[in-house]
2 protein chains.
Amino acid sequence: MTRTTQQREVIAMVIDEAEGPLTVPEILSRAQQTLPRLGIATVYRTLKLLTEQHQIQAVAVDGESHYERTGQGHHHHFACGQCGRVFTLHICPVDLPTGTVFAGGFEVERHEVTLYGTCPDCRVQRN
Amino acid sequence: MTRTTQQREVIAMVIDEAEGPLTVPEILSRAQQTLPRLGIATVYRTLKLLTEQHQIQAVAVDGESHYERTGQGHHHHFACGQCGRVFTLHICPVDLPTGTVFAGGFEVERHEVTLYGTCPDCRVQRN
DNA sequence: TTACATGCAAAACTTTTGCGGCGGC
DNA sequence: GCCGCCGCAAAAGTTTTGCATGTAA
């Protein structure tokens, strides 16, 4: 059976408390602030486990996998070109119910929208 | 100066003739049907060159980089969950002009939409 | 106490770089 | 003929796996 360990609790907490989906290096360094000896292999193993349990899911932003917790409802992402951070946005600019069939016979199950631009923090600094 | 070589012509042609953006292994194997001794290092070097020249661009689908030619106008992508292929769709379900500012101060420069579902070929086979 | 999980290190895989030789111009 | 480009192989970077030890239950 799977056990509750400090490492798994800390990694899950880091993802839970993030402002958006995190990359593997981000998860590692944030978790190491609590558990300095945490190894990257444990991070990969835990991400795989949590993904299989549907506690988290991977999303691709700018070609890199980021991890976020599931059950946040329908949402999308905003990637800041200045600081590189990715934020979760609870808005949806698309109206595409599951089952929509496009011209040519493409049947849509789900959609992902990623917005690219400048985040509030970086906009302030620019002015 | 940069030269016109068989390798570069074949790689550019493969990307040009594709039904959608291709991964590195896809580009390599399609190009090798014309140039069997083509090496993967040449593919990476050519992709980098063509990207710098803005002849092609990278897009992330399902966490992997795919390459497509530029100048196709505003478009999005459809990834088939059955066969794994990615198609280019010349439709846009989003209305987000550059400069739109979202609640919280997120300033949008561009957006990417990826639809996931079943492509026409795979739908036919399912029935 | 007994497995499962961890940390470390090695392996597997992906992408980049160095180098001698080929080929576009 | 010159010099940029190629293929190959080695290096660098990323993700996975093996193994001895630690630790949750």
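1. The note opens at DNA strand D, where a polar side-chain atom of Thr5(B) is 3.1 Å from a phosphate oxygen. This counts as a polar contact, defined as a pair of N or O atoms within 3.5 Å; within protein, one must be able to donate a hydrogen and the other to accept it, and residues adjacent in sequence count only if both atoms are side-chain atoms. A phosphate oxygen of DNA strand D also lies 3.3 Å from a backbone N or O atom of Gly39(B).

2. The model is predicted, and local features need pLDDT of at least 70, side-chain atom pairs count only at pLDDT 80 or more, and totals for chains, interfaces and linings use all residues. Residues are numbered from 1 along each chain as its sequence is written, chains are lettered from A and ligands numbered from 1 in the order in which they are written, and side-chain values use heavy atoms, with hydrogens and water left out.

3. DNA strand D is surrounded by 17 residues, the closest being Tyr44(A), Arg3(B), Gln7(B), Arg8(B) and Thr42(B); a residue is near a strand if one of its heavy atoms lies within 4 Å of it. Sugar or phosphate holds 71% of the atoms of DNA strand D within 4 Å of the protein, and bases hold the rest. By class, this surface has 5 nonpolar, 6 polar and 6 charged residues. Here Ala, Val, Leu, Ile, Met, Phe, Trp, Tyr, Cys and Pro count as nonpolar, Asp, Glu, Lys and Arg as charged, and the others, Gly among them, as polar.

4. Around DNA strand C there are likewise 17 residues, with Arg3(A), Arg8(A), Thr42(A), Arg3(B) and Tyr44(B) the closest. Of the atoms of DNA strand C that come within 4 Å of the protein, 68% are sugar and phosphate. The side chain of Thr42(A) places an N or O atom 2.7 Å from a phosphate oxygen of DNA strand C. Gln7(A) has a polar side-chain atom 2.9 Å from a sugar or linking oxygen, and Arg45(A) has one 3.1 Å from a base nitrogen. Helix 1 (6-17) and helix 3 (40-52) of chain A, together with helix 3 (40-52) of chain B, each give two or more residues to this surface; helices (H or I, at least four residues) and strands (E, at least two) are DSSP runs, numbered from the N terminus.

5. The two protein chains also meet: 31 residues of chain B are in contact (heavy atoms within 4.5 Å) with 32 residues of chain A. About 2,700 Å² is buried between them, 60% of it from carbon and sulfur atoms; this is the accessible area (1.4 Å probe) that two parts lose on being put together, summed over both. In chain B, Phe106(B), Glu107(B) and Tyr116(B) lose the most area to chain A, together 23% of what that side buries.

6. The rule finds 2 salt bridges across this interface, each a side-chain nitrogen of Lys or Arg within 4 Å of a carboxyl oxygen of Asp or Glu. Glu107(B) forms a salt bridge with Arg123(A), with the closest N and O atoms 2.9 Å apart.

7. Strand 6 (residues 106-118) of chain A pairs with strand 6 of chain B in the antiparallel sense over 11 bridges, where pairing requires at least two DSSP bridges. Within this pairing, Thr114(A) stands opposite Glu112(B).
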